[in-house]
Amino acid sequence: MNQFSGNRLYRIGIVGLGAIANNVHIPVLSTFRDVNVEAAADIDENRVEKIAKRWNIKKTYRNYEEMYEKSSLDAVFICVPPILHYPAARSALEQGLHVFCEKPMGISSTDAIELVRISQKRNLVLAVGYNLRTVKNYVRAARIVENMLLGRILQINAIMTRAGPYVGWIPSGEWHFNEAEGGVLHDLGSHLLDLVAYILLDKIATVSAKSAQTMHLKIFDNIAGVFETKNGTLGTCLLYTSDAADEEDSV
């Protein structure tokens, strides 16, 4: 399949109908005249039927494999928990579908690299939900660094905290408590490290980190790291998830 182009109606399938799909992606997609959410897949039968009725989604499925095979789609949005990103995205790419995948693409770098390899081989779009790159302040910071207005960057300190997993914008997301999902490293760390690479226009070459469990859960919720970029910038990376109900995201 070729890249998106021309005047036509693009048919989209949604994999996973949790909060991010129902409150963000489907509402946004519905604003585009050349896009139609054609199908949706979710293991929760009640949820998929309820959301399909709300957004007038014609076809519903209990699993994404069936949706890929039976629906005539151009692209899919992968909105399941992180541990399922790789298999759901890989299957879609192998079916010749363009993919938007929520972050991170996979639990391991091996998974992510494999998805990139498949998408390039098949000439398919593979986009990842690093939406913080579009925030005005971060875009401005990247341009300042790119134009050398601060000279050479020698050090950078990156910090990101978020309320949860007991509270937060998706307090019902049970996957937050599953140690296989990667805890704060995959939930917040993928965003923060992507921002570092985006603003510095540089690749992180080496990393050393220490993690801790502070809320008596099996997941890691407190991480401190030190890194060096390919061009020699040194940095620290601090990630923390708290249980404070009034805490906002900070970067």
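Reply: Let's go for helix α1, which covers residues 19-29. Its buried residues (under 20% relative accessible area with a 1.4 Å probe, protein chains only; over 50% is exposed, in between partly exposed) are I20, A21, N22, H25, I26 and L29. Look down the axis of α1 and these residues fall within an arc of 160°, so they line one face of the helix; the arc is taken from the directions that run from the axis to the C-beta atoms. Keep in mind that this is a predicted model: local features need pLDDT of at least 70 and side-chain atom pairs pLDDT 80 or more, while totals for chains, interfaces and linings use all residues. Residues are numbered from 1 along each chain as its sequence is written, and side-chain values use heavy atoms, without hydrogens or water.

What does that face sit against? The buried residues of α1 pack against strands β1 (10-15), β2 (35-41), β4 (75-78) and β5 (98-101), plus helix α2 (45-55). (Helices are DSSP runs of H or I with at least four residues, strands are E runs of at least two, and both are numbered from the N terminus.)

Now zoom in on H25, which has its place in α1. H25 counts as buried because its relative accessibility is 10%. Skip its neighbours within four places in sequence, and H25 is in contact (heavy atoms within 4.5 Å) with I20, F77, C79, F100 and E102.

Two of those names, F77 and F100, also belong together as an aromatic pair. Rings of Phe, Tyr and Trp (its six-membered ring) pair if their centres lie within 6.5 Å; planes under 30 degrees apart are stacked, over 60 edge-to-face, and the rest tilted. F77 and F100 are stacked, at 4.8 Å centre to centre with 25° between the planes. The pair links distant parts of the chain, as F77 lies in β4 and F100 in β5, 23 residues apart. F77 is buried because its relative accessible area is 14%, and F100 counts as buried too, at 19%.

By the ring rule there are two aromatic pairs in the count. The other partners to look for are Y64 and Y68, which form a tilted pair with 5.5 Å centre to centre and 40° between the planes. Both lie in helix α3 (residues 64-70), four residues apart, about one turn of the helix. Y64 and Y68 are both buried.

Helix α6 (residues 136-146) and helix α7 (residues 183-200) pack at an angle of about 40°, their axes 7 Å apart. That makes α6 oblique to α7. (Under 35 degrees is roughly parallel, over 145 roughly antiparallel, 65 to 115 roughly perpendicular, and the rest oblique.) On the α6 side the contact is made by Y138, V139, A141, A142, R143 and V145, and on the α7 side by L195, Y198, I199 and L200. Helix α4 (residues 85-94) and helix α5 (residues 109-121) pack at about 10°, with axes 10 Å apart, and are therefore roughly parallel. Here Y86, A89, R90, L93 and E94 of α4 meet D111, E114, L115, I118 and S119 of α5.

Finally, zoom out. The protein chain has seven helices and 10 strands, and 45% of its 251 residues count as buried. Of its contacts with a separation of 6 or more, 66% are between residues 24 or more positions apart.

Notes: Axes are lines fitted to C-alpha atoms, for helices over the stretch in contact, and angles run from 0 to 180 degrees between N-to-C directions.
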